[in-house]
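Some notes on charged side chains follow. Please read them with the structure open.

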Amino acid sequence: MYKTIPIKSTFSEEEKAFWQFQCQQANNLINCAIYYAKRKHYEWLREQTEAYTTYWRDDVLKFGWKTYKCAVKYPELDKALKSSPHYKAMAAQSAQQTLKSVGESLTSYNQLVEKYYKGEVDRPRLPRYRKKGGLAAVTFPKQALTYKKGLFYPSVSKESKPELLCKITLEPPAFIDPDWVKEVTVRPYLGQLWIDWVIDDGKQAVKDNPNLNYSQAWSFDHGGDNWLTGVSTHGKSLIIDGRKLKSMNQGYARLVAKYKTGKPESYWDSNLDRVQRKRNNQMRDAINKAARFIINRCLSDRIGNIIIGWNERQKDSINIGRRGNQNFVVIPTKRLIERLKQLCPEYGIKLTVTEEAYSSKASFLDEDSLPRHGEKTSGWKPSGKRVRRGLYKTSFGYLVNADCNGAANIAKKVATQLGLDLTKVGSGSLTLPHRYDLFNSLKKSYRTRLRNSTGLPVLFRNLVESPVLQPGEMSTQRSTNI
């Protein structure tokens with residue numbers, strides 16, 4: 001399976017100057033490619049009789065070019081820009097990778113044009129120019145890397161070699177086999193240079209794990225203070241605390257406001273770079289630890305399904321007040337879902353993401369029906385109601401945790417589809433969930449003990465404990481997780 005290992009660079013001053021120069025050339029080459037593509041595209045538009053037209057937008061009559069697909073592809077870009085000084089200053093394969101990224105952007109634009117005329121998306125725009133004098137990522141495929149005595153030597157162009165003051169090398173992390181490396185990218189990141197090691201460890205995705213029961217599931221409802229509230233079909237429940245995440249984001253917002261006081265909106269400096277890096281690393285660390293905890297819990301309980309309730313675009317359209325939006329929107333739940341999508345195939349766990357409409361209003365113990373969003377009948381009414389924040393009262397007078405009630409309803413939405421047995425989910429499992437703090441209560445010894453209790457073969461447990469599969473811990477020990 002392919003993985004990306006991000007590592008903070010430790011270049012010398014001479015090496016850092018070389019890589020900054022290469023990133024500048026990549027940035028300039030991207031702008032040259034975009035300029036060439038736009039010039040060819042608009043030359044072709046001028047030849048069309050009805051290309052310049054009028055159209056309505058937001059009840060305003062406007063004039064402009066009609067939206068057509070761009071015919072420029074990567075081979076044409078490579079042929080046209082081979083004589084560019086920016087192309088020649090880079091290794092040939094690195095320059096080609098840079099132009100391929102522009103070609104992929106143009107392909108995405110053409111796909112959006114099709115959806116635009118179907119009414120699925122807003123009017124697309126051709127790729128925009130990058131900031132003049134900025135930095136862009138430089139990518140080296142395996143063919144452009146030479147491995148000798150524990151170091152990778154990237155290709156250097158003939159024009160750049162006479163200017164070198166030292167040998168340019170890249171040292172891979174100790175836990176990476178050199179044969180695994182497929183691609184290396186040096187990229188700028190908030191005032192620093194980072195190295196992305198793309199590896200293929202040779203493992204295949206597990207379709208069916210014989211150690212897991214696919215008629216059982218953990219179901220999760222996401223929120224703010226209670227980041228994830230889970231209920232299992234075994235009758236267990238838990239809460240992954242989100243108050244620390246909220247506190248981190250509040251501290252980040254205060255520092256940004258402090259450094260930007262009296263400055264224009266676009267103001268940015270090295271202090272803001274540092275604050276942004278710290279906040280991003282904290283969020284990534286929380287994502288990786290939460291994902292690893294959920295996966296380990298499923299392996300420990302021999303559960304083969306994970307269910308998460310998620311409504312698309314719910315965060316960019318929510319309106320729960322200025323403070324409510326600040327506390328809820330910045331919690332990176334969607335990125336946690338994407339991380340689980342990467343981890344689940346390694347262990348044969350099936351991840352299901354379903355819409356969660358009315359899961360918080362309906363009563364699970366009263367077996368209320370759960371309509372989809374926009375499909376609620378006129379006579380639908382929940383049997384219970386929330387009597388306080390975090391407390392739900394059923395029609396029989398039982399008081400249960402409101403988030404656990406929502407998590408159980410999310411499992412109910414896909415129970416028939418996945419063949420789940422919900423008979424063990426009762427008032428007991430919905431009343432007293434165990435709360436976990438990712439940063440304080442989940443120590444490394446706890447995570448190790450949980451892995452050892454999975455009953456998996458020793459070799460498989462060793463793979464689970466491998467640093468390659470624990471970017472959350474890697475970020476804590478090395479401060480390198482991106």
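1. Glu-114 is partly exposed, with 41% relative accessibility. The model is predicted. The partner of Glu-114 is Lys-69, and the closest N and O atoms of this salt bridge are 2.5 Å apart. Lys-69 sits in the loop between β3 (60-65) and α2 (74-81), while Glu-114 belongs to helix α4 (residues 92-117), so the pair ties together parts 45 residues apart in sequence. Lys-69 also counts as partly exposed, at 39% relative accessibility.

2. Where do Lys-334 and Glu-312 lie? Lys-334 is in helix α8, and Glu-312 is in the loop between β12 (303-309) and α7 (322-329), so their pairing ties together parts that are 22 residues apart in sequence. Their side chains form a salt bridge, at 3.2 Å from N to O. Lys-334 is partly exposed, at 30% relative accessibility. Glu-312 counts as exposed, at 57%.

3. Lys-3 and Glu-346 form a salt bridge too, with 3.8 Å from N to O. Lys-3 lies in strand β1 (residues 2-8) and Glu-346 in helix α8 (residues 333-347), so this pair ties together parts 343 residues apart in sequence. The cut-off for a salt bridge is 4 Å, and the value for this pair is 3.8 Å.

4. Are the two ends of that pair buried or exposed? Lys-3 is buried, with a relative accessible area of 10%. Glu-346 is buried as well, at 11% relative accessibility. Buried here means under 20%.

5. Lys-3, Asp-201, Lys-203 and Glu-346 are linked in a network of salt bridges. By the rule used, the count of salt bridges comes to 19.

6. Asp-366 is buried yet has no salt bridge. Which side chain of opposite charge is nearest to Asp-366? That side chain is Lys-412, and it is 9.7 Å away. A salt bridge needs a nitrogen within 4 Å of a carboxyl oxygen, so Lys-412 does not qualify as a partner for Asp-366.

7. What does the side chain of Asp-366 make a polar contact with? The partner is the side chain of Ser-395, at 2.8 Å. Asp-366 is placed in the loop between β13 (350-354) and β14 (385-388). Leaving aside residues up to four places away in sequence, Asp-366 touches Ser-383, Gly-384, Thr-394, Ser-395 and Phe-396.

How values were computed. Residues numbered from 1 in each chain as written. Predicted model: local features only at pLDDT ≥ 70, side-chain atom pairs only at ≥ 80, totals over all residues. Heavy atoms only, no water. Helix = DSSP H or I, 4+ residues; strand = E, 2+ residues; numbered from the N terminus. Buried < 20%, exposed > 50% of the residue type's maximum accessible area, 1.4 Å probe, protein only. Lys, Arg positive; Asp, Glu negative; His and termini not counted. Polar contact = N/O pair within 3.5 Å; in protein donor to acceptor, adjacent residues only side chain to side chain. Contact = heavy atoms within 4.5 Å.
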